[in-house]
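Please look over the sequence and the model shown below before reading on.

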Amino acid sequence: MTELKYLNKYLFKYKTNLLLGFFIIIIARILLLFTPGLIRESVNVIDEFRKGNIISIESVQTELIENIFLILLAAIAAGIFTFLTRQTIINVSRYVEFDLKNEIYTQYQKLSLSFYKKNQTGDLMNRISEDVSRVRMYFGPALMYSINTITLLIITFFYMYRQSPELTIYTISPLPILSYTIFKLSGIINIRSRIVQESLSKLSSFTQEVFTGIQIVKSYAIQKNKSLEFDNLSKKNKDNQISLVKMQALFFPLMILLIGISNILVIYVGGKQYLSGEIENIGIIAEFIIYVNMLTWPVASLGWISSIIQQAEASQKRINEFLREKSEINYNQNGLKKINGSIEFKDVSFTYTESNIKAIDNISFKLNNRKSLGIIGVTGSGKTTLIKLITKIYNIEAGEILFDNNSINEYDLECLRKQIGVVSQDSFLFSDSIINNIRFGKKKATIKEVEKVCKIAGIHNEIIKFSNGYETILGERGINLSGGQKQRICIARALIKGPKILILDDCLSALDNETEEKIIHSLKSVFKNTTTIISSHRLSSVQNLNEIIVLDKGKIIQKGNHELLINQNGYYKDVYSKQLTKKDDKI
Ligand SMILES: Nc1ncnc2c1ncn2[C@@H]1O[C@H](COP(=O)(O)OP(=O)(O)OP(=O)(O)O)[C@@H](O)[C@H]1O
Ligand SMILES: [Mg+2]
C-alpha cells in the first residue's frame with residue numbers, strides 16, 4: 001500500500017464527499033437489514049396459524065400485508081440511498097481521475113526531450129489512460145464496496161449471533177473460501193485481460209502502421225506478407241480472448257455453488273436445531289437464508305477488491321516513477337524576462353548522452369542585436385544541435401550561452417522561448433486549420449496580422465487558392481500540403497510571434513531557387529529589426545547575412561562574411577564553385 005499513499009492528499013481533498021458517502025452507505029445497509037427480520041416474523045405467523053396458536057385468518061393477513069409493505073418501503077429507501085452513494089463516492093473517483101490525469105500531463109510537459117527519447121509514446125499514453133483508470137477503481141468501487149461489506153458483515157453478524165450462535169458459525173464458514181477463490185480468480189482474470197490488451201494494442205499498432213505506410217506497402221507489393229502478419233497477430237488475439245472468457249465463465253457458477261453450499265448448511269443444521277428445539281421457531285431458518293444471500297456478493301467482492309487494490313498499487317507505482325522524475329531543464333520561473341537580441345556562445349560543448357556523439361565542440365561566436373548569422377556545414381555537422389541549445393532544449397555540457405551578457409540560466413525559460421521564433425527542419429503542423437496553426441505563435445493574432453506574415457513567408461497566394469482559404473484543415477482530417485508549403489506556413493507561424501530572435505533551421509531546403517530568393521527578399525524587412533540565424537546547406541540562403549560560420553563535426557572551421565569566405569581556400573569556396581557550376585549547367 002506504500003505507493004497508494006501518494007493518493008492520500010486526494011482523500012483529504014474530497015473528505016466531505018467521501019464521509020457523506022460512507023454515512024449514506026451505512027444507512028442504506030441498516031435499512032436493507034430490516035428485511036430478514038420481517039420475513040422471519042411472517043414465516044412465524046404462518047407457522048403459528050398452522051399450529052393453531054392463532055385462530056383468526058384476518059390477523060394473519062393483516063400482519064403479512066403490513067410486512068410486505070414494510071419490506072417494500074425498506075427496499076425503496078435502500079435503493080435511493082444506494083443511488084446517492086454512487087453520486088458521492090463514484091463521483092469522487094472521477095474527480096481524482098481528472099486531477100491525476102492533469103497532474104501527469106503537466107509533468108509530461110515539464111520533462112525534457114531526452115525523457116521522451118527514453119520512453120515510448122505508447123507507454124506514456126498508457127500511464128495517463130490505463131494506469132489512471134486502474135487507480136480510479138481503487139478510489140471508487142474498492143472504497144465503496146469495502147465500506148459496504150464491512151458495515152454489512154458487522155451488523156449481520158450481530159443479528160445472526162443474537163438468534164443462534166451455532167447456526168451463525170455454520171452459515172458463514174463457506175464465505176472466507178468464497179472470498180479467497182474469487183481473489184485468486186480475479187487475479188487470473190486480470191493477468192489474462194492484460195495479455196488481451198497487449199495483443200489488441202499490437203494488432204492495432206500494426207494496422208495503423210500499415211495504413212500510414214500504405215503507399216510503400218503497395219509500391220513494394222508486399223500486401224500478401226502483411227496479410228499473413230495480420231493473420232498471425234489476429235489469431236493470437238483470438239486465442240487470448242478465449243482463454244480470458246474461460247476464466248470469466250467460471251466466476252458466477254463458482255459463486256452460485258458456494259451460495260448453494262451455505263444454503264444447504266443453513267437448512268440442514270437449522271432444521272436439526274429446530275427439531276431438537278435449540279431454536280424456537282422456523283422463521284429463523286428463512287431469516288438466515290436471506291442473510292446468506294445478502295452476504296454472498298459483498299464477501300465475494302472482498303476478493304475482487306483485493307485484486308483491484310493490488311492492480312492499483314502496481315499502476316500507482318508506475319505513475320509515481322514519472323511524477324518523481326525531475327526535469328533536467330531548469331525553468332527558472334523567477335528569472336529575467338526580456339531579451340534585446342544579442343547572443344554569445346563562449347566555448348560551448350555538448351554531447352548527446354544517448355549516442356555519445358560530441359555534436360558541438362568548443363564553439364564561440366558573438367552575434368549582436370539585429371545582426372544576422374549563417375550556419376553552413378555538411379549533414380550531421382551540428383547545425384540543428386547548435387540551434388536547439390539556443391532555446392535550451394538540452395543543457396550544455398561546458399561553456400556558456402549568453403543573451404545580452406546574461407547567462408541563459410538566469411532567464412525565465414518560458415519567457416525566453418516566447419521571444420525566440422524557431423522554424424525547425426522538420427515542419428510539423430497540427431491537424432487543425434491553417435489559421436490555427438499559424439496562431440499557435442500568437443493566440444490572439446487578427447486575420448490581418450496572419451495575412452501579413454503569410455505574405456512575407458510567400459504562402460498567402462497559395463492559401464487563398466484553397467477552397468476554404470485560411471480555414472482549410474490540414475493533416476489526417478484534411479488536405480496534405482507539399483513540403484515547401486509546410487515550410488512556409490512554419491515560417492509564418494514563427495514570424496507572427498514578432499520574435500526578438502528568428503532562427504530558420506534549413507527550412508528553405510524544399511523550395512526551388514526562385515521561391516527561396518523571393519522569400520529571402522521579403523524577409524529582409526524582418527531582418528532589419530530582428531536578430532536572425534539561418535542554417536542551410538545552400539549558400540544562397542546565407543550569402544547576404546552579416547556573418548557566416550562553417551561547421552564540421554561540431555567545430556567552427558571557417559568564419560567571416562561571404563566576400564571573405566569565397567576568397568579563402570576551404571569548404572565554403574568549394575561549395576560556392578560547385579553550386580555556381582550547377583547554376584551555369586542549368587542555364
Ligand atoms: N537526438 C539525438 N541523439 C543522439 N545523437 C544525435 C541526436 N540528434 C543528432 N545527433 C547526432 O549529432 C550530430 C549532429 O546532428 P545535427 O542534427 O545537429 O546535424 P545537422 O548539421 O543539423 O545535420 P543536417 O544538415 O542533416 O540537418 C549527428 O552526428 C547526429 O547523429
Ligand atoms: Mg539539421
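Which element gives the most to the shell around ligand 1? That element is α12, with three residues. This is a predicted model, in which local features need pLDDT of at least 70 and side-chain atom pairs count only at pLDDT 80 or more, while totals for chains, interfaces and linings use all residues. Residues are numbered from 1 along each chain as its sequence is written, and chains are lettered from A and ligands numbered from 1 in the order in which they are written.

**Around ligand 1**

- Ligand 1 is surrounded by 15 residues (a residue is near a molecule if its C-beta atom, placed from the backbone, lies within 6 Å of it), and the closest are Tyr352, Thr379, Lys383, Thr384 and Thr385.
- At least two residues of this shell come from each of β2 (357-367) and α12 (383-390), where helices (H or I, at least four residues) and strands (E, at least two) are DSSP runs numbered from the N terminus.
- By class, the shell holds three nonpolar, nine polar and three charged residues, with Ala, Val, Leu, Ile, Met, Phe, Trp, Tyr, Cys and Pro counted as nonpolar, Asp, Glu, Lys and Arg as charged, and the others, Gly among them, as polar.

**Domains and their contact**

- An automatic or database domain assignment divides the chain into domain 1 (3-198 + 244-324), domain 2 (332-419 + 500-587) and domain 3 (429-498).
- The centres of domain 2 and domain 3, taken over C-alpha atoms, are separated by 25 Å, and their contact takes 13 residues from domain 2 and 11 residues from domain 3 (C-beta atoms, placed from the backbone, within 7 Å).
- On the side of domain 2 that touches domain 3, β7 (501-505) and α18 (513-527) are the elements giving two or more residues, and the largest share, six residues, comes from α18.
- That side of domain 2 has nine nonpolar, two polar and two charged residues.

Notes:
Two residues are in contact if their C-beta atoms, placed from the backbone, lie within 7 Å.
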